[in-house]
Amino acid sequence: MLSAKRLIQKAVLLRHHQENNKERSSLTAADLDLQVVVHYGIPSTASLLAFDSIQRLLAIATLDGRIKVLGGDGIEAIFTSPKQLPYKNIEFLQNQGFLISISIENDIQVWNLESRCLAYSLQWEMNITAFSVISRSCFMYIGDEHGSLSVLKYDSEDAKLLQLPYHISANSLKEAAGFPSPDHQPIVGVLPQPHSSGNRVLIAYQDGLIVLWDVSEGRILFVGGGKDLQLKDDSKNEVDPNIPEDTEEKEITALCWASSNGSILAVGYLDGDILFWKTSTASSTRGQKNELTNSNIVKLQLSSSEKRLPIIVLHWSISDRPSNDGDGRLFIYGGDEIGSEEVLTVLTLEWSSRMETVRCVGRMDITLAGSFADMILLPSSGPTEGNPKAAVSVLANPGQLHIFDDASLSSLPSRQKHKATVLTTGFPMVVPTVDPHITVAKLITLPSGGNSSKILSEIASAKKHRSTPFHGGSANWPLTGGVPSHLSFTEHADVERVYIAGYLDGSVRIWDATYPDLSLICIVEGEVESIEMAGLSDPVTKLEFCSLTQSLAVGNKCGLVRIYNLNGSSDETTFHYLIDTKHEVHTLPQGKGPPLRAVFSLLNSPILALQFANYGAKLAVGLECGHVVVLDTSSLAVLFTTESVSSSCSPVISVNWVGCINTCSLVKSPKHSDSNMPITPTEQVMFFLTKDATLYMIDGGSGSMISSHPWHPKKKSVAISMYVIEGIPSVPDLTDGKQLEESGQNLEAKNESEHITNSTGISSHNNEHHSSVNTLTRERLLDSFILLCCVDSLQLYSTKNVIQGNNKAICKVKHAKPCCWASTFRKEGNICGVVLLFQSGVIEIRSFSGLELVKETSLMSILRWNFKANMEKMMSCDNGQITLAHGCELAFISLFCGENFSRIPESFPCLHDKVLAAAADAAFNFSSNQKKQGIKPGILGGIVKGFKGGKVDHSVVINPSPKSDFSHLEAAFSKQPFSDSYRTAVDSEEVVELHIDDIEIDDEPSLPTATTSSQEVKHTKREKRSQREQLLGVTDDMKPKLRTPEEIMAKYRKAEDASSVAARAREKLLERQEKLERISRRTAELQSGAEDFSSMANELVKLMEKRKWWQI
């Protein structure tokens, strides 16, 4: 009978629970779509770098299929590949808004920076061993393991990668170079030659053969290396210009151009040697081969040891005041003796006037903070001529990015070798997680229209006006790319969410998390200036914020509780210090952060739980030693301290306050189970959960135990957190925080406050965050539920049963793996589910109804993270978003699909600046015209510098100028290079004789109208180009054709008398004079137009400099 009665009671409770859940919003798998909406920091698996010198963006590829893009003003983005594979190549399509990446499975991916998505993917059939993009074009070279060179083009209009007919096989190129070989050596390097408009490309094979190929002319310009390369071993001299007698072929491991005009090539080899090849000696005359001489090659060795590391990375930058094109700095990773310290070597090289010998005038070995991953040069955004400064970005594992500026590199010593630590600029993290180390964090949604939102908005606005444009770090940070969202700078915009983090040094930082672009509101230092107080700088262990009083409570490892008033005035000059029975008042020095109100020195034990009550008037503190302390934050006093709520001194990990009106006796006596024992009605019930899964209920006013026996589940377990959840839907949220301040009694009567308690364990889930007692009637308290989250299980109980000492669970789920974090979340204002994180990295989402599993995923699939110890301390969940920190990374994950609390995508910063792109194209085209006219160019860098200085109004519609003209490459890549049609097209070029009498000049040249088709415009350009070629000639060796007297007489002798001939000659002279005048007039008009354009460009720069950064 007894067992049957228990079964009936359990069935009734379960039915009651199910009926209540029908009123809640159900949770289904279709409601969930876990996505990363915020990501800050550099992944620890970072491996490759790429840089857009115009847009000033840096891309970082990783070993787990992610790409991080960094810009200025704290602008960051993360791209995640569908496959978790390492990348082996990454490059920008310069100034075009696209990023190309290649995985180890030869999947070529195109990422759209503007839409932040994968635009196209192409699976390459062969193993890609070399990759390069022609600067400022959409063409790219691909070298494979069989020695073949292919060309791809990205069509941005159709969003497709097109493989062009142009293809060079290894056999055909080696035969043309005079090095036929049956072996198919892979291509290890493809380098377009600088200042060649993409016409020339250097191809390097693994066996040491290097070929400079002219694409437009279809011929070889330079050949070096291969089996005819012979070097003697003379390691005494660091730089050896002599060519040796015999040696085997050398395997190439790295290469780069070592001159500004591409006349010198630096090649690193597997044996640690570096050779400088002078490609300028190649003849430009068709059909003439270059000869390899001793003066064409210079050898360099970093170490005299026989066993040296291979050359892994080579980069070159021009010096500040070069005497010739080869003077500069060479950055080398590798080449030292095996077993030596891992360093980055910087050599300062000077060439002789005739480029015959090179001298090393300075050497510096830079010690790295971690293991080397990659490096790249960051050219200055200033004028391109006369300002060759370039910073150096070095990537070291795990995820450490360091910038060496030009000033520190220019101070290289004059002696031959010097090891030093160069001043570097570390990556300025928007949300620091390592330096200082983050220990606890919390995401809080503020009540709409409340005082806290307005006050924090005022603080954030003042912070923005005082700070530099880059709120994340140093103003000298060389990355300035991207355009912040206009929503981030909306005047008088309320702060809707805040992200609060505590650190190892005792400091606390608060960010505005309303939009994905987080902005710092204030910093609370751990130490108080000029005041010595033990424990202030100890690690922060718990945070709590009251939105009604704008009070911030900070608990630390030594048992101190600091209370700050974010609404406090800067005129406040004192703060209170309470220790034991002492109450001291100290002078508060003027500081930049919010004023400190009080410091409570409690028991010397870490604080694990904090919870405000009575609308911020009380603060409950749970300590690791098992004690509970209740503070009066109004009078700044200790109300009571429980001697030991836990006999085993188990740590208090969770605190919940519940206000109950007219609460009657609910506690059953063990001896009289059918009768109620009357107790004194209480206004506040406090639920405390200890780590051993024991629950205590005490009177929040006096601290006395409501029940003589604590409650605990049937089976012993390790608790994680606890939540008291109402059994009926909550009322709508308050819209005005002032109503709560007017009358607490009216609030209790109307039940306008949120009736869901918060766990003060790992996470808190009160959307309004009133941090006050949840006032319930007796019936509502009895209808509520208690969710107990443990390491091995998830259990749901009726609050009535718990108060009466009944430990029978309504629902229980046993975990197959240990759980380390759990939190409830809401849908449409009601708690609808619970999210759990396991030590294996698995994430489960369960519905509140029956605790049924709705979705299962993992940290690896979403973030590519492995679980890390103590990760749960930095986790928080609020308003359908989870925040996590891992190493140098911080991420916000959105749970629901369709909900857009962060106003995505309009709130995302723009990674591609279209206005800057249009201005840069116009400046580049104008600079190209200046070069053709022999004028020194310099406007490109000025335009870019002016725009990236934050001086442009992005609301102005600027028509983009035409892209750089690569039509000659389009025509060359449309045919096979060794086909008969290609050779005919190249070899059939003949010199066309043209006389001035044959030139026809129109007085009013017709211009294409707005409706002119693109084909007509291209046809017009081709006609103009052909006329220019006819007028100026197509080859440098064109000479005037000598005619015999007979040919002249046959052409000009006419059967006329002398007077007619003289008259016709006079007419010809007059026509010629008229044509010359027209040509002169047209030339003057073109020159005037060029000057007008130059003036307009200068005015544009000045106009942009007057714009403010927030007008971008």
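The following dialogue discusses side-chain contacts in a predicted model.

Student: How many aromatic pairs does the structure hold?

Tutor: Rings of Phe, Tyr and Trp (its six-membered ring) pair if their centres lie within 6.5 Å; planes under 30 degrees apart count as stacked, over 60 as edge-to-face and the rest as tilted. The structure holds 13 such pairs. One of them, tyrosine 333 with phenylalanine 372, is stacked, at 4.0 Å centre to centre and 20° between the planes. Tyrosine 333 belongs to strand β24 (residues 328-334) and phenylalanine 372 to strand β27 (residues 371-379), so the pair ties together parts 39 residues apart in sequence. Helices (H or I, at least four residues) and strands (E, at least two) are DSSP runs, numbered from the N terminus.

Student: Is tyrosine 333 buried or exposed?

Tutor: Buried means under 20% relative accessible area, exposed over 50%, and partly exposed in between (1.4 Å probe, protein chains only). Tyrosine 333 is buried, with a relative accessible area of 15%, and phenylalanine 372 is buried at 11%.

Student: Which salt bridge involves lysine 174?

Tutor: A salt bridge is a side-chain nitrogen of Lys or Arg within 4 Å of a carboxyl oxygen of Asp or Glu. A search of the whole structure finds 20 of them. Lysine 174 meets aspartate 207 at 3.5 Å, N to O. Lysine 174 lies in helix α2 (residues 170-177) and aspartate 207 in the loop between β15 (200-205) and β16 (210-214), so this pair ties together parts 33 residues apart in sequence. Both lysine 174 and aspartate 207 are buried. Salt bridges also link Lys250, Asp271, Asp273 and Arg308 in a network.

Student: Which buried arginine has no salt bridge?

Tutor: For charge, Lys and Arg count as positive and Asp and Glu as negative; His and the chain ends are not counted. Arginine 562, in strand β38 (residues 560-565), is buried yet has no salt bridge, and the nearest side chain of opposite charge, aspartate 505, is 7.8 Å away. The arginine 562 side chain does reach the backbone oxygen of glycine 506, at 2.7 Å.

How values were computed
Residues numbered from 1 in each chain as written. Predicted model: local features only at pLDDT ≥ 70, side-chain atom pairs only at ≥ 80, totals over all residues. Heavy atoms only, no water. Polar contact = N/O pair within 3.5 Å; in protein donor to acceptor, adjacent residues only side chain to side chain.
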